[in-house]
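The sequence and structure are shown first.

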Amino acid sequence: MVRSYGGVDTSLARAGGGPGVARQASLTLLTAAVLAALAAAAYLGASASADAHRRAVDERLAEVARAATLAFDREVADLSERATGVARQPRVARALARSDATALRSVAAAEQDVSFWKDGTLLAGSRPPADAVTRSADVTFDGAVLGRVSAELRLDEELAGRLAGAAAPRPSEGIGVAVAGRLYDTAGVRTFDLAPTGRTASAGGERLRVASSPLLRDRRDVFVVAATPAAAVDAEASERRRRVLVAIGATGLTLLAGLAAFLIWRSGRRTELRSARAEADRRHVRDALSLVGDALAATHDAEGLLPVIAQTAMEAAGATEARLVRGETEIVRVGGPSSSRTPLVLPLGADDDGVPLRLLLFSAGGTLSPGARELAEWFVSQAAIALENARLHGVVQRQAITDDLTGLANRRRFVDALESELSRAERFGNELAVVIGDLDDFKSINDRFGHEFGNEVLRAFGQLVTDSTRDIDVAARLGGEEFAVLLPQTDVDGGAVFAERLRDGLSGLGLEGPDGQPLGVTASFGVAAYPPIDTVDGLLRIADSALYRAKAHGKDRVVAG
């Protein structure tokens, strides 16, 4: 019998409100799942937008650094020519023959940053400072060496200004020369500390976003730096993230309002099936979580998935706090602090190094209800599969495009990158150079010392190539002892200069055989460029042909096609 007081039906109250409460709980969980899916989309979209901005800044800075490096190489080439030109002056030969320091000082006053030496003694000019590049030329007469002319290029603010003029950075960007922990630029001389990632640095207390390129083969503490204030980059990235979040949030609220209206309509249509409806609601919650799981499975960024998994699991289970732990280290925390110290602990598999991942869910009441626990366990099991798939996808991707021995790109990755960069160069009217290098007489090294030692030589040369390239360059091992480097924003002369640096660098590696004796290893290089060559096959063919001409003319040389 149904009793009524004041026209109010009390049958549900008498029954404990079971079906209605169950339905309300299911609707709440479904709403949480939809919100979690929207949060996942917003997080991934906003992060992608911010990261894209930072990548664009990094690519631009890398291009500016490369242009400054090429300008520096031209200055060094001019320095060598200047030393040679002074050494050929008859008055210099006469003065050195007589050890006439007065006459030499007169020449030094006319020729800036030039010094004259005889038998190791400075006759005129000044000793180059530590922060300077020097190039020398012998002064000869009838085959006899009379002395030496040394020209210097100071690594200072003036050089940084000239490099900036050649590289044409944007107003928000700057060019500097870093030397042994000091940065020379238009702001003067500042202390300089480059972060291990190579993307950020601090200069005189200012945080910078940077791209750097080594300038000298024999000094690893000297490099050119293209920089822009990190605060401005981060602010723009945050603004882009905010705009994406607002857009997705507005769309999400519209969808959520429509979903709520639909659920209310359907609830009113099926009130007579309370028990069946409760079960259906549970299925719909699981279906909604399945959609989130599918979205996770389709994402291959394992690290990017972790905050989404923690947020979704917390909301689906009605927990107040979620923590994701790698080994014993907490890496993600979402939600508010919980007084509960007895979390639900759910395994999430392991990372690339085999370190276990666990998700800890805390609730205000200390424990989760059986239904919430079941949903959380089910969702986390799906998330663990998605994480493992993302991890394996990354492993397979790296293996598919990487040479196992040297860690450089393989031929497939190189050709793909060359196709992409050539298309970009044609579209924007840029230049592009390809360098192919081959170790000379490498078979004799394998025959004398075995393939294991030959592999060590290949690794050493691969590391030299890696250390000599910019972020935008692509270095690859094409197979055997043949290597290649793709140089965007570089003409054929710049490609030849780069190849000469590799050739010189190889001779300076100081390789030793298994017996400890010095081992002379040389390489030959061929260079091709767009324009005029406008096809991938053409660039590879011309560079390869130039390489074989270098081999035919005595090896250990660079030939441009």
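Leu344 has Leu361 of S16 as its bridge partner. In this predicted model, the two strands concerned are S15, covering residues 344-350, and S16, covering residues 356-362. Their pairing is antiparallel and extends over five bridges.

Five residues separate S15 from S16 in the hairpin that they form. Within the turn, Gly354 adopts a positive phi of about 80°.

## The four-stranded sheet

An open sheet is built from four strands in the order S4-S3-S6-S5, with antiparallel pairing. Its edges are strand S4 (121-124) and strand S5 (132-141), each of which pairs on one side only. From one strand to the next, the twist averages 35°.

Strand S3, residues 114-118, runs antiparallel to S4 and is joined to S4 by three bridges. Lys118 is placed opposite Thr121 of S4.

## The helix across the sheet

Helix H3 (residues 90-98) lies across S3, S4, S5 and strand S6 (144-154). The angle at which H3 runs to S6 is about 115°.

## The largest pocket

The largest pocket holds about 920 Å³ of space. Its lining consists of 38 residues, and those nearest the centre are Thr469, Arg470, Asp471, Ile472 and Asp473. By class, the lining of this pocket comprises 14 nonpolar, ten polar and 14 charged residues.

Several elements each supply at least two residues of this lining: helix H2 (18-87), strand S11 (206-216), strand S12 (219-229), helix H10 (411-428), helix H12 (451-468) and strand S18 (474-479). H10 provides the largest share, with six residues.

## The second largest pocket

About 540 Å³ of space lies in the second largest pocket. This pocket is lined by 24 residues, of which Arg135, Leu215, Leu216, Arg217 and Arg501 are the closest to its centre. Two or more lining residues come from each of H2, S5, S11, S12, H12 and helix H13 (492-507). The lining of the second largest pocket divides by class into ten nonpolar, four polar and ten charged residues.

Key: Residues numbered from 1 in each chain as written. Predicted model: local features only at pLDDT ≥ 70, side-chain atom pairs only at ≥ 80, totals over all residues. Heavy atoms only, no water. Pairing = 2+ DSSP bridges. Axes fitted to C-alpha atoms, helices over the stretch in contact; angles between N-to-C directions. Contact = heavy atoms within 4.5 Å. 1 Å grid on protein atoms, 1.4 Å probe; cavity = no way out; pocket = protein on both sides within 12 Å on 5 of 7 lines; lining within 4 Å. Points joined across faces, edges and corners; volume = space filled by probe spheres on them. Nonpolar A, V, L, I, M, F, W, Y, C, P; charged D, E, K, R; others polar.
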